[in-house]
Amino acid sequence: MSNPVDIQSECPLWEVFLQEGEGAQHLHAGSVHAIDAEMALQNARDVYARRGEIKSIWVVPSQSITASTRSDSGPLFDPAEEK
């Protein structure tokens with residue numbers, strides 16, 4: 001008998017962004033695990049868009065996101081002296 005697949009350890013993590021109204025900005029809703037982008041969209045729809053008020057869903061592989069760190073907070077966000 002084979003072991004069940006642990007989706008969280010076997011599948012990449014995808015970040016989910018939802019647009020709730022026409023022309024509204026996409027907002028981060030959460031994350032899903034999926035083997036590819038198509039499955040990530042389906043999982044995102046199933047988990048985050050149950051109410052049917054969603055106009056658009058974006059999914060992005062978590063590993064593709066570059067984020068600032070706490071140590072960046074000063075130099076990165078200080079106003080520029082020259083524009």
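**The sheet and its surroundings**

Modeller: Asp 36 is partly exposed, with a relative accessible area of 34%; buried means under 20%, exposed over 50%, and partly exposed in between, computed with a 1.4 Å probe and the protein chains only. The model is predicted, and local features need pLDDT of at least 70, side-chain atom pairs count only at pLDDT 80 or more, while totals for chains, interfaces and linings use all residues. Residues are numbered from 1 along each chain as its sequence is written, and side-chain values use heavy atoms, with hydrogens and water left out.

Asp 36 sits in the loop between S2 and H2. Between its C-alpha atom and that of Cys 11 there are 8.4 Å, although 25 residues separate the two in sequence.

The protein chain contains 3 helices and 3 strands, where helices (H or I, at least four residues) and strands (E, at least two) are DSSP runs numbered from the N terminus. Their order along the sequence is α-β-β-α-β-α. The 3 strands make up an open sheet, arranged S2-S1-S3 with antiparallel pairing; two strands pair if DSSP finds at least two bridges between them. Strand S2 (27-33) and strand S3 (56-61) are at the edges with a single partner strand each, so one side of each has no neighbour in the sheet. On average, neighbouring strands are turned by 30° against each other, direction ignored. Axes for such angles are lines fitted to C-alpha atoms, for helices over the stretch in contact, and angles run from 0 to 180 degrees between N-to-C directions.

Strand S1 (residues 13-19) is joined to S2 by 6 bridges, and the two run antiparallel. Another 6 bridges link S1 to S3, again antiparallel. Leu 18 shows both pairings: its bridge partner in S2 is Leu 27, and in S3 it is Ile 57. Glu 15 stands opposite Ser 31 in S2. Of the 7 residues of S1, 6 are buried, so the strand is largely enclosed by the rest of the structure. In the protein chain as a whole, 20% of the 83 residues are buried.

Gly 30 belongs to strand S2 and is buried, with a relative accessible area of 11%. Apart from neighbours within four places in sequence, Gly 30 is in contact with Trp 14, Glu 15, Val 16 and Tyr 48, where contact means heavy atoms within 4.5 Å. The C-alpha atom of Gly 30 is also 8.6 Å from that of Ala 44, a residue 14 positions away along the chain.

Not counting residues up to four places away in sequence, Arg 45 touches Arg 50 and Ile 57.

The structure holds 1 cavity of 30 Å³ or more, and the largest cavity has about 30 Å³ of space. The residues lining the largest cavity are Glu 20, Tyr 48, Arg 51, Gly 52, Glu 53 and Ile 54. Here a cavity is a set of points on a 1 Å grid over the protein atoms alone where a 1.4 Å probe fits but cannot get out, and lining residues have an atom within 4 Å of a point. Grid points are joined across faces, edges and corners, and the volume is the space filled by probe spheres set on the points.

For the chain as a whole, residues 24 or more positions apart account for 41% of the contacts with a separation of 6 or more.

Notes
On a 1 Å grid over the protein atoms alone, a cavity is a set of points where a 1.4 Å probe fits but cannot get out, and a pocket is an open set with protein on both sides within 12 Å along at least five of seven lines; lining residues have an atom within 4 Å of a point.
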